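Here is a brisk report on one protein chain.

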Amino acid sequence: MGLDIDQRRIDSLSAGLAPFHEPGLPELLDRNVANGRLRFTTDPALIRDADLHFIGVGTPQLEGELRADMSHVDAALETILTHAGSRQGTPALVVGKSTVPVGTAQRLVERISEADSNLLLAWNPEFLREGHAVEDTLHPDRIV
């Protein structure tokens with residue numbers, strides 16, 4: 001389940017249209033949307049029962065400053081905390097994929113702890129080359 005706040009992006013992805021060019025992505029997107037393995041929504045309630053949540057949002061540089069805008073990462077975590085953080089049983093895993101400053105994971109772990117949620121946090125560094133991301137994901141040359 002892909003979650004976004006932009007309905008136009010959700011509609012495009014649901015139609016199998018990628019928002020950027022990446023070789024192999026249109027076919028992968030088409031195949032998995034068509035067979036029902038991949039769906040997209042703007043409704044955060046639909047993430048409630050997921051075992052795994054990826055945060056993959058932009059972290060642009062703040063205008064006029066030498067630091068990243070972490071508002072999208074923070075908003076994504078708050079959405080997960082609100083809609084999936086109270087689940088019972090085995091903890092769900094939140095995996096950060098966004099490029100973030102040092103200390104971000106610790107700050108987010110503290111936020112998860114404050115919320116007393118049933119979530120664990122991990123960070124998955126990205127080693128994807130532009131124009132080769134699908135190939136690098138499906139056949140990585142290294143695992144860290």
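## Surface and overall size

The accessible surface of the chain is about 9,700 Å², and carbon and sulfur atoms hold 53% of that. Areas come from the Shrake-Rupley method with a 1.4 Å probe; for residues, only the protein chains shown count as cover. Of the 144 residues, 26% count as buried. Buried means under 20% relative accessible area, exposed over 50%, and partly exposed in between (1.4 Å probe, protein chains only).

The C-alpha trace spans about 40 × 35 × 30 Å along its principal axes. Among contacts with a separation of 6 or more, 69% join residues 24 or more positions apart. Contact means heavy atoms within 4.5 Å.

## Model and confidence

This is a predicted model, in which local features need pLDDT of at least 70 and side-chain atom pairs count only at pLDDT 80 or more, while totals for chains, interfaces and linings use all residues. Residues are numbered from 1 along each chain as its sequence is written, and side-chain values use heavy atoms, with hydrogens and water left out.

The mean pLDDT (the predictor's confidence in each residue, from 0 to 100) is 91 for the chain, and 99% of residues reach 70 or more. Confidence is highest in strand 2 (residues 40-41), at a mean of 96, and lowest in helix 5 (residues 133-138), at 87.

## Fold order

The chain has five helices and five strands. Their order along the sequence is β-α-α-β-β-α-β-α-β-α. The radius of gyration is 16 Å, close to the 15 Å from the globule rule for 144 residues, so the chain is as compact as a globular protein of that length. That radius is taken over C-alpha atoms; the rule is 2.2 Å times the number of residues to the power 0.38. Helices (H or I, at least four residues) and strands (E, at least two) are DSSP runs, numbered from the N terminus.

## Helix 3

Helix 3 covers residues 71-84, which is 14 residues. At 1.5 Å a residue it should span 20 Å, and its end C-alpha atoms lie 19 Å apart, which agrees. The expected span is 1.5 Å times one less than the number of residues.

Val73, Ala76, Leu77, Ile80, Leu81 and Ala84 are buried in helix 3. They cover an arc of only 135 degrees around the axis, which puts them on the same side of helix 3. The arc is that of the directions from the helix axis to the C-beta atoms. An α-helix has 3.6 residues a turn, so residues three or four places apart point the same way. The buried residues of helix 3 pack against strand 3 (52-55), strand 4 (92-96), helix 4 (104-114) and strand 5 (119-123).

Thr82 is also in helix 3. Its relative accessible area is 55%, so Thr82 is exposed.

In helix 4 the buried residues are Thr104, Leu108 and Ile112. They fall within an arc of 75 degrees seen down the axis, so they line one face of helix 4. Ser113 and Glu114 are exposed on the other side. The buried residues of helix 4 pack against helix 3 and strand 5.

Asp116 sits in the loop between helix 4 and strand 5. Asp116 is not a glycine, yet its phi is positive, at about 50 degrees. Asp116 counts as exposed, at 70% relative accessibility.

## Strand 2

Thr41 lies in strand 2. At 9% relative accessibility, Thr41 counts as buried. Beyond its neighbours within four places in sequence, Thr41 is in contact with Met1, Gly2, Leu3, Asp4, Ile10 and Leu46.
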